[in-house]
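Me: I have a structure open on my screen and would like to learn how to read it. Could you go through some features with me?

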Amino acid sequence: MDEVVFRSPRKKGRIAVLLSGRGSNFMAIREAVHRGAINAEIALVLGNKAEAPGLLKAREWGLETVFLDPKAFASRDDYDRAVIGELDKRRIDLVCLAGYMRVLTPALCDAYRHRLVNIHPALLPAFPGLHVQQKAIDWGVRFSGCTVHFVAAEVDMGPIILQACVPVLQDDTEDALAARILVEEHRIYPEAVRLYFEGRLEVRGRRVFVLGLGA
Ligand code: GRF
């Protein structure tokens, strides 16, 4: 078996959520933190869109928020340098991408290697990228779902932590399938974060083992 390259820490963690829009996954994580299911606090919600509903909600809840305007930076590298600065400043243990519509620079991926996770609304490695619910319908797959994975520089291709499956129905629309998948996203994203801070995620090669599941 491949050697262990990473083991998640067992500790009370400091989470940053990066988002661009609605923020329903952020809210699911926040809810799990709130009821004590995740041993962590949300120390930062950072957005690249001033009016992102998720960012406004975070502010309303009294969480620390930062809006970084992409227009204020000359390059993506500069932008992500500022993101790293905001994360480092708050000693963030885990960055959760939650509908964050920017491709991360390698510098950010490297700086937060194994401390960066994402949720994707398809069963990776099938259907990376955007509009993946429609792509799944058009392809004719019988099942789709969602994937929580570590973030690597190659988009949507980091080691898989958890996945959940939903059926694709014959008369599905993009919205109907997206809604069915979203229910599962809200279940497995907080679950993955919980496992992370229970010190139960072990990465070997590109496989992630969940420790303590029994035989
Ligand atoms: C989700 O479908 C997520 O899988 C994808 O972007 C969407 C974000 O939704 N990465 P929300 O902002 O969390 O509601």
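Me: Which elements do the buried residues of α1 pack against?

Reply: Two terms come up here. Helices (H or I, at least four residues) and strands (E, at least two) are DSSP runs, numbered from the N terminus. Contact means heavy atoms within 4.5 Å. In this predicted model, the buried residues of α1 pack against β2 (13-19), β3 (40-47), α2 (53-60), β5 (94-97), β6 and α6 (174-197).

Me: What should I know about how this model was handled before we go on?

Reply: Residues are numbered from 1 along each chain as its sequence is written, and side-chain values use heavy atoms, with hydrogens and water left out. Since the model is predicted, local features need pLDDT of at least 70 and side-chain atom pairs count only at pLDDT 80 or more, while totals for chains, interfaces and linings use all residues.

Me: How many residues of α1 are buried?

Reply: Buried means under 20% relative accessible area, exposed means over 50%, and partly exposed is in between (1.4 Å probe, protein chains only). In α1, 8 of the 11 residues are buried, so the helix is largely enclosed by the rest of the structure. The buried ones are Ser24, Asn25, Phe26, Ala28, Ile29, Arg30, Ala32 and Val33. When you look at such a list, remember that an α-helix has 3.6 residues a turn, so residues three or four places apart point the same way.

Me: Is Glu31 buried, exposed or partly exposed, and which element holds it?

Reply: Glu31 is found in helix α1 and is partly exposed, with a relative accessible area of 39%. Just after α1, Gly36 takes a positive phi of about 80°.

Me: Which residues surround the ligand?

Reply: A residue counts as near a molecule if one of its heavy atoms lies within 4 Å of it. Here the ligand is surrounded by Arg22, Gly23, Ser24, Asn25, Gly99, Ile119, His120, Pro121 and Glu185. Helix α1 (24-34) and strand β6 (116-120) each supply at least two residues of this shell.

Me: Which polar atoms lie by the oxygen atoms of the ligand?

Reply: A polar contact is a pair of N or O atoms within 3.5 Å; within protein, one must be able to donate a hydrogen and the other to accept it, and residues adjacent in sequence count only if both atoms are side-chain atoms. A polar side-chain atom of Arg22 lies 2.5 Å from an oxygen atom of the ligand, and a polar side-chain atom of Ser24 also lies 2.5 Å from an oxygen atom of the ligand. For Asn25, a backbone N or O atom lies 2.9 Å from an oxygen atom of the ligand. The protein covers 85% of the 370 Å² of accessible area that the ligand has on its own (Shrake-Rupley method, 1.4 Å probe).

Me: What about Glu202: which element is it in, and is it buried or exposed?

Reply: Glu202 is in strand β9 (residues 201-204) and is buried, with a relative accessible area of 9%. Its side chain makes a polar contact with the side chain of Arg204 (3.1 Å). Beyond four places away in sequence, Glu202 touches residues that include Val4, Phe6, Arg207 and Leu211.

Me: Which residues have a positive phi although they are not glycines?

Reply: Arg91 is one of them, with a positive phi of about 50°. Arg91 is in the loop between α3 (76-89) and β5, and at 58% relative accessibility it counts as exposed. His114 has a positive phi of about 65° and lies in the loop between α4 and β6. At 9% relative accessibility, His114 counts as buried.

Me: Where is there a cis peptide bond?

Reply: Look at the bond from Leu124 to Pro125, which is cis, with omega near 10°. Pro125 is found in the loop between β6 and α5 (132-139).
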